[in-house]
Amino acid sequence: MVPLTANARGLSTARLLPQKQQKSSLRIRSDTIEAFPRCSESNFSELRANKRFAYFDRTRYVSVLDSIDARAILFLRPRRFGKSLTLSMLEHFHGVQHRAQYGELFKDLDVDKDVKGDKITPGEYMILKFNFAAVNRTPDLNKAAQGLALNIIGSLEEFYGDYYPYLGGSLDQLISKKINQRSAIDSLANLVQLVNRTLREVKNGGDKKHPLANVKGIYLLADEYDAFSNEYMGPHNLQAWKGSNASSLVKDFWATVKGMMDLPYGIRRCFITGISPLSLADNTGGGFNISVNMSFEEEVAGLCGLSRAEVEEALERICESKTDVEGHLARLMKYANGYHFCRYRKSEPVFNTDTSLEYLQAVLTGEHFNIASPPNSEVPPQSLKICASSPGAVTHIQNALTPSPDGTTQYHLIPYSKLVDRFTLADIQGRALGDGEEVAWRTLLLYFGAFTFDKENPSKFLTIPNHIAATRLGTTILRRFGLLGSMREAVRFLALHGGIIAPLSDYQKLMAGRDIKPGGYAMTEWQHRDSFHIAILENPGLDPEVEYEVTKPGGGPGLVDLVITSPGHCVVTEWKTIKIDFLDLGDSLSLDEKAEALSKLGISGVLELKFHKREKYKKGTIRDWIEKDVTAQFKSYVLSPEIRELAGSREFHAHLVLVVGSRKILVWEMDEKGDWIGQPVLA
């Protein structure tokens, strides 16, 4: 029996067990499975030619994609789901140059049934491929634009290398005449126009034996379309990107593609892969509006990813016993399963392709494989930066990482009512966390793979799919803010001793790290309070309540912002926020410069800060305002009968928590009689 640890150790040889009596997608070309391909094995013909490799058949989706009434399909998945192999599969089926290899590549695969049934015909297109993940990237946007142009021109030259026998003339002649080294866009237009003219002449000539007689036009395949632009579309340099040659080149590229789709024999179909729709919306002048986002449609939900049945069958083919199969399957279920890509229908979730194949290979060979931290599981730095720019994103992730209220599931369900197919960086950078920004952030985290649709109720709930996803885009972000480790210990101290300074200090680090955009500086007191509230929810020794209803000594109603109780302590907090725009820090300074100046102040400097004249309701210094307005309000809460009853025999603590300009947190303790204790401090 294989021990249930986070590491996989399997057999050194493969053993064939009886196959299941059901339709199988696992294809092998020898008596035993000798190897499982990784996602780096993304060339379909090489994979099929190598009899060592097992192949999970996805060719049934060739017919599905062909039947979709859309000239351009956008298909998005998180990293390492085998998108590049999918494009290579489409290339080898549809490319006219691969027509002679059809039998060798597809004869024992699912699509062959559709070909024999005249539902689809192979070899009807000329394939134009672009791989935007292969662009050489550099911090210099002008050099980045040059790298993108060279990448585009290289793809055009590869096209001519594949098809010059069909187009007339030598390869050198075509490249010298049709490639303009100073303009990738002109070169793209020249290529499509040449193909359109050539095919029109073939059709008009009536030669049905011509190798291009049945060719409909160009099938454009764009792999990782957003890999280049996402590198530069950060929340802090968006304007620099928008005004750059690189941004203009991306827009011109997609505008040209759209224009060339109007030609009768030009670009007839497009299949575009990537991670999120963010770059397409931000970089195509209002959106590449002829593309249809099929990412979460039922028809293609299983195109990338392995089902439980497929993984289980593979394990049965390589393991010696049922016990071994069950042990490995349980481990894979915990770490790599849980992705559900259909919004409308309850179905079995799928496994991350690359992680599953790596694990199966380790079981097959007996190699060490730490599934808790698999290779290539790092989060793209730019994805982290985008998520880190939003308090809303961090709050969503913190909330999702908590167990369900009934304790039955490890991750909390995130309710939602709508998602958006297209959104821009501006949509997730609102100055206040409104409904539109919430929807955009939920959607973006879904595309990044931090969330997935709940398998039981996909139309209403999102959730974190598995342990690896939680680490990749959950705890990685929180660790960046110092919320893992130090915050956990600080919250533990709060539960045991009632001390709130330590967790507020860690929250201050989180706040300073994430509130680095204009919208962050505009967070309200309830948003800060709720973020802190979520940060302490994981500790079962604490029972926090927001907006706790009390009756003031004079008889009026009141709401205490956040009350935290543990078996031995009662902590009452009143949260206030002073936005940085309403502090007198110098009119000539930018928000970032004001934040920098504020960060350097000690407690005395913070207390003596004056309100700006645009602040209508607070006058004088921060100390003046606290003593004049805040003290009486907080005292009335502390003296309320509800708080006195709640405190009971517990040790009592009351704190004013004042968030100043999203850079400082001032804390002032009040005793049970409503008098301040000592002087305020900075968390």
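A: Begin with pairing: two strands pair if DSSP finds at least two bridges between them. The model shown here is predicted. In it, strand β3 (residues 72–76) and strand β6 (residues 267–274) pair in the parallel sense over five bridges. Within this pair, F75 stands opposite T273 in β6.

Q: In which order do the strands of the open sheet of five strands follow one another?
A: The order is β4-β5-β6-β3-β7, and the pairing is parallel. β4 (125–131) and β7 (291–293) each have a single partner strand, so these two stand at the edges and one side of each is left without a neighbour in the sheet. On average, neighbouring strands of this sheet are turned by 20 degrees against each other, with direction ignored.

Q: Which helix lies across β4, β5 and β6?
A: Helix α10 (residues 245–260) does, and β5 here covers 217–223. The helix runs at about 145 degrees to β6.

Q: How do I read a crossing of two helices, for example α2 and α3?
A: Take the distance and the angle between the axes. For helix α2 (residues 60–67) and helix α3 (residues 83–94), the axes come within 11 Å and cross at roughly 80 degrees. Angles of 65 to 115 degrees count as roughly perpendicular, so α2 is roughly perpendicular to α3.

Q: Which residues of α2 and α3 meet?
A: From α2 come V62, L65 and D66, and from α3 come M89, L90, F93 and H94. By class, the residues of this contact are five nonpolar, one polar and one charged.

Q: What does a search for cavities find in the whole structure?
A: The general idea is that rolling a probe the size of a water molecule over the atoms shows where empty space is left. Here the search finds five cavities of 30 Å³ or more. The largest cavity has a volume of about 290 Å³.

Q: How many residues line the largest cavity, and which lie nearest its centre?
A: The lining has 21 residues, and F56, R58, G82, L85 and T353 lie nearest the centre. Two or more residues each come from α1 (44–49), β2 (55–56), α3 and α14 (353–365). Helix α3 gives the largest share, three residues. Sorted by class, the lining holds 14 nonpolar, four polar and three charged residues.

Q: How do I read a hairpin, such as that of β13 and β14?
A: Look at the two strands, then at the turn. Strand β13 (residues 543–551) and strand β14 (residues 557–566) pair in the antiparallel sense over eight bridges. In this pairing P544 stands opposite I564 in β14. Five residues lie between the strands of the hairpin, and G555 in the turn has a positive phi of about 110 degrees.

Q: What is the strand order in the open sheet of six strands?
A: The order is β13-β14-β15-β16-β17-β18, with mixed pairing. The edge strands are β13 and β18 (681–682), each of which pairs on one side only. Strand β17 (residues 664–670) and β18 pair in the antiparallel sense over two bridges. The bridge partner of L666 is L682 in β18.

Q: Which helix packs on this sheet, and which strands does the helix touch?
A: Helix α25 (residues 622–638) packs on the sheet. The strands touched are β13, β14, β15 (569–578), β16 (651–660) and β17. The direction of α25 makes about 145 degrees with that of β16.

Methods. Residues are numbered from 1 along each chain as its sequence is written. This is a predicted model: local features need pLDDT of at least 70, side-chain atom pairs count only at pLDDT 80 or more; totals for chains, interfaces and linings use all residues. Side-chain values use heavy atoms; hydrogens and water are left out. Axes are lines fitted to C-alpha atoms, for helices over the stretch in contact, and angles run from 0 to 180 degrees between N-to-C directions. Helices (H or I, at least four residues) and strands (E, at least two) are DSSP runs, numbered from the N terminus. Angles under 35 degrees count as roughly parallel, over 145 as roughly antiparallel, 65 to 115 as roughly perpendicular and the rest as oblique. Contact means heavy atoms within 4.5 Å. Ala, Val, Leu, Ile, Met, Phe, Trp, Tyr, Cys and Pro count as nonpolar, Asp, Glu, Lys and Arg as charged, and the others, Gly among them, as polar. On a 1 Å grid over the protein atoms alone, a cavity is a set of points where a 1.4 Å probe fits but cannot get out, and a pocket is an open set with protein on both sides within 12 Å along at least five of seven lines; lining residues have an atom within 4 Å of a point. Grid points are joined across faces, edges and corners, and a volume is the space filled by probe spheres set on the points.
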